[in-house]
Amino acid sequence: MTIEYRDTEVVFAEIVGVEDAEVLLAWLQERSPVQADFSACTHMHPANIQVLMAAGVQVAVWPVAAPLECALRSVFSAGS
Amino acid sequence: MNELLAQFLSEARDALEGIGGKLMELERAPDDEELMTQLFRVVHTLKGNSGLFDFPEMSRVLHAGEDLMDAVRHGEVRYSQTLADRLLDAMDFVGLLCDGIEADKPVSADMAAEAVRQAKALRALISPDAETSAQAVSEAGAVQSGSVAPTFPLAEQLARVPEVVRMQAWAQARDGAPLLWVRYVPSEECFYQGDDPLHQANQTPGWLWTGMSARAAWPALAELDAYRCMLDFDVLVAADRGEVEAHYRYVPDQVHIVEVPALCLLIPQGDSNGGPVYEDFVEDALALIDHQDLTGFKRAVDTMIQLSSSSLWLSSALRWMQLLLTAAQPDTAALRRLVSAVNTFENPDWTEPAAASVAPAKPAAPAQSPIHNNVHAMALKNVIDVQREVLALPDDAAWLPGRIKAAVASLSGCLKAFGRQSEVPALEALAATALATQTAAPLAAWLDQAFPEEAAVADVPAAPVAPVAVATATVAPAVKVSATVPAAPAPAPVVAAVVAPAMESEPAEPELQEADVRVGRRPEEASPKSLKVDQVKIDRLMNLIGEMVVAKNAMPYLANRAETVFGVRELAREIKGQYATINRISEEMQDAIMQIRMMPVSFVFQRFPRLVRDISRRLGKQVNLELEGQETAADKNIIESLGDPLVHIVRNSLDHGFEMPEVRTAAGKPAAGTLRIAARQEADRVVIEITDDGKGIDAQAIKLKAYQKGLIDEATMDRISDQEAVNLVFIPGFSTSEVISDLSGRGVGMDVVRTAIEQVHGNIVLESTKGQGTRIRLSLPLSMAVTNVMTVESNQQMFGIPMDAVVETVRVPRASVRTIKQRKATLLRGRVVPLRDLNAVLGLAAPPVTNDSDEYAVLVVRVGDESLGLVVDDFHETADIILKPLSGVLSGLRAYSGSALMGDGSVLMVLNTKEML
C-alpha cells in the first residue's frame with residue numbers, strides 16, 4: 001500500500017500515483033484535522049498534493065527524498 | 001532514416017499539398033461542409049502520424065490546426081481569408097519542419113518558438129477572446145527569444161528558496177554555472193494527458209530547488225476537482241538555457257525562463273532583533289574593506305558570527321559575507337553593501353549600481369524589481385543581436401542604404417540609453433563610410449568590437465531550412481537531362497503503376513506499338529493498386545535497361561561477323577532471329593520503365609492556385625485561375641523542368657499582364673481577370689498553353705525599344721510583323737528593368753524561360769494582342785530517355801543528329817550549289833537553303849565527298865526558325881540511342897549534346913545543332 005489511512009493521520013510510502021487522489025479526497029472530506037507522514041514517500045503526483053493543500057493537512061514527518069521534501073516544504077507547514 | 005520515418009515524410013508532404021489544395025477550393029466554396037470535413041480529416045491524420053515520432057513542434061502546430069478546423073466544421077468559427085492565410089502559413093512551417101527532419105537537423109530554438117507562435121496564432125482564431133490570445137502569442141514569442149520581462153517578482157520568489165540552497169546556487173554561479181529561474185505553469189488538463197508536472201520540474205537539468213504555489217484559493221473539498229491542475233511550479237536550476245528549453249520542449253508555452261544574477265541570491269533572512277548594537281561592527285568592517293584588509297574583515301565576520309544566534313538576520317548576512325569571501329576575487333562592493341545593510345536590516349537592492357552604496361547610511365533604493373537591470377541587458381542584447389543579423393545580410397539588396405540607416409538609428413539609440421553618447425559620432429562616421437561603399441561590413445565589425453559581451457552570448461539562430469525546389473535541379477544545361485537521370489535532391493518518390501509488359505504483343509511496327517502503349521497505359525488509368533518507389537531505384541532500372549539496349553545492338557554486328565568472317569550463314573540467321581526476340585523484349589521493358597517515370601502535369605500545376613492567390617492578393621488584382629488537363633502525363637524530368645519556366649510565366653502574367661480591377665472595368669472587361677493554364681497531349685509532345693486576358697504586349701513599343709537598344713536596325717523595325725516583334729522579348733538582354741517600366745514587362749527573363757524549355761528539347765511560342773491578352777504555348781517531348789538520331793558520315797567519322805532537328809535528306813548535284821557572297825547555298829523547292837560543310841564546322845580540313853553521280857549528301861536541319869543544309873559525306877540509318885551527357889572536361893564542348901555507345905562498341909558523338917551552327 002502506498003497510502004495508509006489512520007484515524008487522524010495519513011501515511012504515504014514510495015510513489016503515490018495520480019489514481020490515488022480521488023480516494024484521498026473522499027477520505028479527507030470526512031476528517032479534520034489530519035497530519036501527513038511522508039517519511040517513506042519518494043514521489044507524489046501533484047494531484048494528491050493539491051488535495052492535501054486544499055484540505056489544510058499538516059506535515060508530521062517530512063520526506064527523506066530531497067526534491068519532494070523541498071517541493072512540499074514550499075507549500076506545507078510542519079504539524080504540531 | 002528509418003523506413004517508417006521516410007514513409008511519414010512522404011505522406012506528410014502529400015498531406016500538406018492536399019491541405020493547400022483544399023484550402024484553395026474552400027476559398028471558392030467557403031460553405032462546402034464536405035470539403036471542410038475532408039480538410040479536417042487530412043490535418044487530423046497528419047497530426048496523428050506526427051505523434052508517432054518525437055516531433056513536438058510539428059504536433060503542436062498541427063494540433064492547433066486540427067482544433068481550428070474542428071471549430072470551423074462545427075460552425076463555431078467562420079471560414080475567412082485570414083483563416084486560410086494562417087493555415088497556409090502553418091502548413092508552410094510544417095513543410096519546413098519536414099525539410100529539417102529530412103536533413104537530419106535538430107529543431108532550433110527559433111523553430112520551436114515559431115511553432116509556439118504558429119500554434120497560438122491558429123488558436124487565436126478559435127478563441128472568442130482573440131485579443132488575449134494575441135497577447136499570449138507575443139508573450140510566448142518573447143519568452144523564447146529570452147527577452148521576457150517576467151510577470152512575477154523574482155526577488156520575492158528567490159526569498160522562498162531556503163538559504164542553504166541559495167548559497168549552493170551562488171557557489172555554483174561563482175564557479176561559472178548559469179543560474180535560471182523556471183516558472184512552469186502547466187495547463188489545467190495536464191493530469192488527464194498523463195503529465196506529472198512535479199516530476200517534470202524535479203527532473204529539470206541542473207535542478208537545485210522546486211517550489212509550488214496554488215493558482216487560486218482552494219475551494220471547499222466537496223467542490224474540489226482533484227484532477228484539474230491548480231498548481232504552479234518554480235524551479236531554480238544551474239544549467240544552460242538550451243538544456244532547460246529542451247527539457248520543456250513539449251510545453252514551451254507553459255514555461256517562463258529568466259536568468260538569475262548571482263548577487264540576487266544574497267537575501268539575508270531571519271530575526272531582525274538587535275538593531276543599532278551592531279553599529280561598531282559596521283564601522284569597523286567598512287574601514288577594513290576600505291583598507292583592502294579582507295583577512296581582517298573575515299576575522300571580524302567570523303567573530304561576529306560566533307557571538308550571534310544563527311536564527312538572526314545578522315547571522316544570515318554574515319554567512320553571506322563569509323561566502324562572498326570565498327570567491328577568488330571577493331566582490332568588495334557587494335560586501336560593503338551587505339555590511340551597510342546591517343544598520344537598517346533592509347536587504348540591499350542588488351540591481352542598483354554598486355556606487356550607490358558608498359553612502360553607507362542609505363543603502364536601500366526604492367523598491368524595484370531585482371532583475372530590472374538584467375532585463376535591460378537582455379533588451380540590449382536582443383537589439384544588438386538583431387542589428388548584427390541585419391548587417392550580416394547580403395549587401396546586394398537595393399534597400400541596403402535603408403538597412404544601414406535603420407541599424408545605425410537603433411544602435412545610436414542603444415548607445416544613448418546606456419550612457420555611451422561619446423561613441424555616437426564614431427558610429428555615424430562609420431555609417432557614412434558604409435553608405436558610400438555600399439557595404440555593411442565596417443558596421444558589423446564595429447558592432448563586434450563595441451558590444452563584445454553581447455557577441456559572446458549571441459546565439460546565432462540557425463537559418464531556417466529553405467524548401468528545396470525539386471524542379472531546380474533539372475533545369476540544368478541540356479547535357480544534364482538525358483538517359484541518365486540525375487539523382488533528384490530530395491528523394492521524391494514517383495508513383496509507379498504496376499505495369500505488366502505485354503510480352504505477347506507483336507514485335508512488328510515498334511513505333512506504332514509504342515504509341516499504343518503510351519495512350520493505353522497511363523498511370524492514372526492503371527488500377528488504384530499503386531506503390532511508392534524511391535526514384536533512385538527507377539533510375540537504376542533505367543540505366544540497366546540502357547545498357548541492355550546497347551548490348552542488344554551488338555547482335556547484328558555479331559551476325560554479320562558470323563557470316564562474313566567465319567562464313568557460317570546458318571548461325572548468322574539464328575542470331576538475327578534471336579535478336580528480333582530480344583529487341584522486342586527490350587523495347588517493351590524500355591517502354592514499361594518509361595511508363596513508370598511518367599507523371600501528370602498536376603505535379604507542377606498544383607503549386608499555381610497558391611501562387612496566383614498570394615501574388616494577386618499582394619498586388620491587389622483579381623485573378624481567376626483555370627487549370628485544365630492536369631492528368632496529362634509526361635516524363636518526370638520533363639515535368640520537373642517545366643516548374644520554373646511556368647512559375648516565371650505565371651508571375652509575369654500576374655505582375656505585368658493583368659490590369660488593376662478598376663482599369664479592367666474601365667476597359668469594359670470583367671474586374672477579375674482569367675489566367676488559364678491548359679495541358680494536353682499532341683502526338684508525342686505535351687503542349688501547355690498559358691492564356692491571360694490582360695493588357696497584352698504593345699508590339700510597336702517593343703519594336704521601338706529593340707531599335708533603341710540596337711537589337712534591330714531601322715529596316716527590320718519597319719519590316720517585321722507585330723507577331724515577330726512580340727517575339728523580340730526572347731532576345732537575351734531585352735529584359736532590363738527599363739523595359740519593365742515602359743512596357744508590359746513581358747520581357748522579364750523570357751530568354752531564360754526559352755533557354756530552360758529548349759534545354760529539354762521543347763519550344764515556346766508567344767502570341768499577344770494589345771488590350772486582349774497574351775498566349776504562351778510550350779511544347780515539350782513526352783519523354784527524353786531514348787533519343788532517335790540520324791547517323792551521318794563525315795570524313796570517315798560517324799556523327800548523330802537528333803531526329804527532331806532533321807527536316808529532310810536530299811542529294812544535291814554539285815552543279816546546283818551556288819555561291820552567294822562566298823557562302824554556298826542551293827535552291828530547294830523554290831527556297832534558298834544555305835549550305836555548310838560539316839567538316840568545316842567541325843574544323844576538319846577534308847572537303848565534302850560526292851557520290852558516283854557527283855551529288856552532295858545534304859542533311860537539312862532546323863535551327864530556330866530557319867532551315868540549313870549540312871553537307872556530309874553520306875547518310876546512314878537512324879538509331880535509338882541512350883544519350884549520355886559528356887562529363888568532365890568534355891562537358892564544356894557545347895557542339896555535342898552527348899555521346900552514345902553503338903552496338904559494335906564504337907562511340908557515336910551526337911551533334912547539338914543549336915549550339916554548333
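Start on chain B with a nonpolar surface patch: select B:V565, B:F566, B:V568 and B:L571, which together have about 370 Å² of accessible area. This is a predicted model, in which local features need pLDDT of at least 70, side-chain atom pairs count only at pLDDT 80 or more, and totals for chains, interfaces and linings use all residues. Residues are numbered from 1 along each chain as its sequence is written, chains are lettered from A and ligands numbered from 1 in the order in which they are written, and side-chain values use heavy atoms, with hydrogens and water left out.

A patch takes residues with over 30% relative accessible area and no salt bridge; nonpolar side chains (Val, Leu, Ile, Met, Phe, Trp, Tyr) are joined within 5 Å, like charges within 9 Å. Areas come from the Shrake-Rupley method with a 1.4 Å probe, and for residues only the protein chains shown count as cover.

Stay on B:L571. It sits in helix α22, residues 569–597 of chain B. Helices (H or I, at least four residues) and strands (E, at least two) are DSSP runs, numbered from the N terminus. B:L571 is partly exposed, with a relative accessible area of 41%. The classes are buried (under 20% relative accessible area), exposed (over 50%) and partly exposed (in between), with a 1.4 Å probe and protein chains only.

**A charged patch**

Next, select B:E25, B:D32, B:E33 and B:E34. These four gather in a surface patch of negative charge. Asp and Glu count as negative and Lys and Arg as positive, while His and the chain ends are not counted. Each charge is placed at NZ of Lys, CZ of Arg, CG of Asp or CD of Glu. B:E25 belongs to helix α1, residues 3–28 of chain B. Its relative accessible area is 38%, so B:E25 is partly exposed.

**Two buried residues**

Go to B:F55, in the loop between α2 (33–50) and α3 (56–73) of chain B. Is B:F55 buried or exposed? At 15% relative accessibility, B:F55 counts as buried. Show its surroundings. Beyond neighbours within four places in sequence, B:F55 is in contact (heavy atoms within 4.5 Å) with B:L5, B:F8, B:S50 and B:I101. B:F55 and B:Y250 are 195 residues apart in sequence, yet 9.0 Å apart in space, C-alpha to C-alpha.

Move to B:S213 in strand β2, residues 207–214 of chain B. B:S213 is buried, with a relative accessible area of 18%. Which residues are in contact with B:S213, leaving aside its neighbours within four places in sequence? A:V75 is one of them, from chain A; the others are B:R160, B:R183, B:M230, B:L231, B:D232 and B:D234.

**Salt bridges**

Side chains of opposite charge can pair when their charged atoms come close. The structure holds 48 salt bridges over all chains. The criterion is a side-chain nitrogen of Lys or Arg within 4 Å of a carboxyl oxygen of Asp or Glu.

Select B:R680 and B:E682. Their closest N and O atoms are 2.9 Å apart, in a salt bridge. B:R680 is partly exposed at 31% relative accessible area, and B:E682 is partly exposed at 31%.

Then pick B:R814 and B:D854, a salt bridge with its closest N and O atoms 3.1 Å apart. This pair links distant parts of the chain, 40 residues apart. B:R814 lies in the loop between β16 (806–813) and β17 (818–820), and B:D854 in the loop between α32 (838–841) and β20 (855–863). B:R814 is partly exposed, at 42%. B:D854 is partly exposed too, at 32%.

Now select B:D85, B:D92, B:R610, B:R613, B:D614 and B:R617. Salt bridges that share partners join these residues into one network.

Cross to chain A for A:R31 and A:E30. They form a salt bridge, with the closest N and O atoms 3.9 Å apart. A:R31 is partly exposed at 31%, whereas A:E30 counts as exposed at 66%.

**Zoom out**

Color by secondary structure. Chain A has three helices and four strands, running β-β-α-β-α-β-α from the N terminus. Of its 80 residues, 51% are buried. Chain A exposes about 3600 Å², with carbon and sulfur atoms supplying 52%.

Chain B comes to 33 helices and 24 strands. Of its 917 residues, 46% are buried. Among contacts in chain B between residues at least 6 apart in sequence, 70% join residues at least 24 apart. Chain B exposes about 43700 Å², and carbon and sulfur atoms supply 54% of that.
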